[in-house]
Amino acid sequence: MKFFTGYSRCFKSLVDLKTHFDQAVKAIKIGSRIDKDKRLFSYEDYALYHFMELCSREDLKSFCHPSVLTLADYDRRNKTDYVKSLFESISNEKGKVGSARALHIHRNTMNYRMSKIREIMGVNLNDRKKLFHIYFSLLILEYIGEVELV
């Protein structure tokens, strides 16, 4: 039998108990689907996914940056992992060496992948607003089950 634990954001008033109980339940529901190997889920880690849950799947995909959809399609057609490489690169801010280590690849391979990703996407990855949109798009695609990021 598998047990899961979810915990909400902090709160100070018992009046807020129901809201925070619901957050803990949402953390378990969403977390056990996204992070199948985990047993402890913090609502804070899944709040964006909860936000996505409030929209329909069709609506969500329409919010994705077109270049992310292009990259995901490229991965499907060519059996590459550029989406995972991009996600690792922007989600952890470890730099290329840290991202390469997390992906178990050489840093030169990571450099090549990022160069290829920029070529495929045709987007300036130094623009913070675009980068957030790209990151959020990756989370949306993970949430609706179109890509696996972890």
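The following dialogue asks how some descriptions of this predicted model are reached.

Reader: What kind of model is this, and how are its residues numbered?

Author: This is a predicted model, in which local features need pLDDT of at least 70 and side-chain atom pairs count only at pLDDT 80 or more, while totals for chains, interfaces and linings use all residues. Residues are numbered from 1 along each chain as its sequence is written, and side-chain values use heavy atoms, with hydrogens and water left out.

Reader: What makes up the secondary structure of the protein chain?

Author: Helices (H or I, at least four residues) and strands (E, at least two) are DSSP runs, numbered from the N terminus. By that rule the protein chain has 8 helices and 2 strands, and along the sequence they follow the pattern β-α-β-α-α-α-α-α-α-α. The C-alpha atoms fill a box of roughly 50 × 30 × 30 Å, taken along the principal axes.

Reader: Why is Tyr46 called buried?

Author: Buried means under 20% relative accessible area, exposed over 50%, and partly exposed in between, with a 1.4 Å probe and protein chains only. Tyr46 has 2% relative accessibility, so this residue counts as buried. Tyr46 has its place in helix α2, and, with contact meaning heavy atoms within 4.5 Å, Tyr46 touches Ala27, Ile30, Gly31, Ile34, Asp35, Lys38 and Phe41, not counting residues up to four places away in sequence.

Reader: Why is His50 also called buried?

Author: His50 has a relative accessible area of 17%, and therefore counts as buried, the cut-off being under 20%. His50 belongs to helix α2 (residues 43-53), and touches Lys26, Ile30 and Tyr43, again not counting residues up to four places away in sequence.

Reader: What makes Ile140 a buried residue, and which residues does Ile140 touch?

Author: The relative accessible area of Ile140 is 0%, so Ile140 is buried. Ile140 lies in helix α8 and touches Met52, Leu60, Lys61, Phe63 and Cys64, not counting residues up to four places away in sequence. Across the protein chain, buried residues make up 39% of the 150 residues.

Reader: How do you know that the length of α1 is close to what is expected?

Author: The expected span of a helix is 1.5 Å times one less than its number of residues. Helix α1 (residues 17-34) has 18 residues and reaches 25 Å from its first C-alpha to its last, which is close to the expected 26 Å.

Reader: Which residues of α1 are buried, and why are they said to be on the same side?

Author: The buried residues of α1 are His20, Gln23, Ala24, Ala27, Ile30, Gly31 and Ile34. They cover an arc of only 150 degrees around the axis, and therefore sit on the same side of α1; the arc is that of the directions from the helix axis to the C-beta atoms. On the other side of α1, Lys18 and Phe21 are exposed, whereas the cover over the buried residues includes β1 (5-7), β2 (40-42), α2 and α8.

Reader: What makes the buried residues of α4 line one face of the helix?

Author: Helix α4 (residues 66-78) has Ser67, Val68, Leu71, Ala72, Tyr74 and Asp75 as its buried residues. Seen down the axis of α4, these fall within an arc of 155 degrees, so they line one face of the helix. They pack against α5 (82-91), α7 (107-121) and α8 (128-143), while the face turned away from the buried side carries the exposed residues Pro66 and Arg77.

Reader: Why is Lys79 called exposed, and what is its phi?

Author: Lys79 has a relative accessible area of 75%, and so is exposed, the cut-off being over 50%. Lys79 is found in the loop between α4 and α5, and has a positive phi of about 55 degrees although it is not a glycine. Most residues other than glycine have a negative phi.

Reader: Why does His104 count as exposed, and where does His104 lie?

Author: His104 has 74% relative accessibility, and therefore counts as exposed. His104 lies in the loop between α6 (95-103) and α7, and has a positive phi of about 60 degrees although it is not a glycine.
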